[in-house]
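Subject: Structure for you to look at

Hello,

Here is the structure I said I would pass on. Please open it first and then read the notes below.

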Amino acid sequence: MSIAFYLIAALTVAGGLAAVLLKNTVHCALALTVAFAGLALFFLQLDAQFAGFAQILVYIGAVAILVVFAILLTRGSETPKDGVFSKNWFVGLVIAAGVFAVLGWAVLQSGHVLPHETAVPVVTVLQIGNALMGRYVLPLEIVALLLTAAMIGAVIVALHEKESAK
Amino acid sequence: MTPLSGYLIVAALLFSIGLAGALTRRNAILVLIGIELMLNAANLNLIAFWRYGPHPEALTGMMFAIFSIAVAAAEAAVGLGLVISIHRHAHTTDLDRMNRMKG
């Protein structure tokens with residue numbers, strides 16, 4: 001465990017906690033960006049450069065911007081008077097703590113069977129491209145179809161009310 | 001503690017934070033943010049298992065993570081479009097006040 005791991009872990013978890021706990025919704029979106037950046041650093045540290053840069057492009061470049069736009073369009077940055085957490089927040093907290101307890105217990109119990117330090121895998125973008133165009137070409141086409149359908153669907157869903165008002 | 005279990009613990013912590021956010025926040029956009037955090041924690045697991053697994057040159061976990069990122073982007077676009085549509089209809093994004101399915 002290097003010191004870089006602990007630093008990135010602290011950054012990511014702090015970003016995630018802030019994204020969930022802050023009152024102002026815009027601040028939550030910015031904290032979410034910090035958490036995404038921490039995860040991208042994790043990917044780079046795990047020698048998955050392509051996934052790390054894809055994470056930066058897709059999440060920080062697109063999803064975070066989309067979230068900020070949605071917040072501004074819905075005027076969600078105004079803090080409601082009766083608190084930001086739902087009435088039965090305690091139940092949700094207990095469920096989340098229970099899930100973390102089970103997952104953490106499972107990881108710590110299986111620590112001795114998990115593999116130790118292995119050789120650094122050398123993966124070039126050429127290999128990833130060959131795999132995407134060869135073995136994984138069918139999933140790639142399905143994802144392309146899904147993205148097209150999602151784009152058209154999002155536009156239609158967001159436009160619907162305006163058309164019926166005419 | 002092996003490096004892999006460190007990554008798995010961080011991913012479990014992030015997943016739980018996202019789950020807590022999705023279950024306790026009232027704003028629909030914040031619920032989507034929680035879901036995004038959960039998806040990212042799963043991606044971290046996939047990449048960590050790929051890195052420390054027996055055959056990293058097969059690229060299985062990496063491909064899984066890349067496709068998962070693409071699906072999560074589609075999910076975010078549709079989810080936020082739905083939130084905007086609901087806001088236009090009901091003039092609220094408060095989930096506690098969205099208690100009718102009929103318009």
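Chain A is divided into two domains: domain 1 covers 1-79 and domain 2 covers 122-166. Taken over C-alpha atoms, the centres of domain 1 and domain 2 of chain A are separated by 22 Å. Please keep in mind that this is a predicted model.

Leu7(A) belongs to helix H1 of chain A, which runs over residues 3-21. Is Leu7(A) buried or exposed? Leu7(A) has 12 other C-beta atoms within 10 Å, and a residue with 12 or fewer counts as exposed, so Leu7(A) is exposed. Along the chain, Leu7(A) and Val102(A) are 95 residues apart, and their C-alpha atoms are separated by 25 Å.

Next, two helices of chain B. Helix H2 of chain B takes in residues 28-52, 25 residues in total. At 1.5 Å a residue H2(B) should span 36 Å, and its end C-alpha atoms are 37 Å apart, so the two values agree. H2(B) is also mostly covered, with 22 of its 25 residues buried. Helix H3 of chain B (residues 60-90) has 31 residues. From first C-alpha to last, H3(B) reaches 44 Å, close to the 45 Å expected at 1.5 Å a residue. Just after H3(B) comes His91(B), with a positive phi of about 55 degrees.

The two chains touch each other. On the side of chain B, 65 residues are in contact with 72 residues of chain A. Which elements of chain B give two or more residues to this side? They are helix H1 (3-24), H2 and H3 of chain B. H3(B) provides the largest share, 22 residues. By type, the residues on the side of chain B that touches chain A are 42 nonpolar, 15 polar and eight charged.

One helix pair between the chains can be described in detail. Helix H3 of chain A (residues 49-73) packs with H2(B) at an angle of about 175 degrees, and their axes are 12 Å apart. Angles over 145 degrees count as roughly antiparallel, and therefore H3(A) and H2(B) are roughly antiparallel to each other. From H3(A), the contact is made by Ala51(A), Val63(A), Val67(A), Ala70(A) and Ile71(A). From H2(B), the residues are Ile29(B), Ile33(B), Glu36(B) and Ile47(B). Eight residues of the contact between H3(A) and H2(B) are nonpolar, none is polar and one is charged.

Regards

Notes
Residues numbered from 1 in each chain as written. Chains lettered and ligands numbered in written order. Predicted model: local features only at pLDDT ≥ 70, side-chain atom pairs only at ≥ 80, totals over all residues. Helix = DSSP H or I, 4+ residues; strand = E, 2+ residues; numbered from the N terminus. Expected span 1.5 Å × (residues − 1). Buried ≥ 20, exposed ≤ 12 C-beta atoms within 10 Å, placed from the backbone. Domains from an automatic or database assignment. Contact = placed C-beta atoms within 7 Å. Nonpolar A, V, L, I, M, F, W, Y, C, P; charged D, E, K, R; others polar. Axes fitted to C-alpha atoms, helices over the stretch in contact; angles between N-to-C directions. Parallel < 35°, antiparallel > 145°, perpendicular 65-115°, else oblique.
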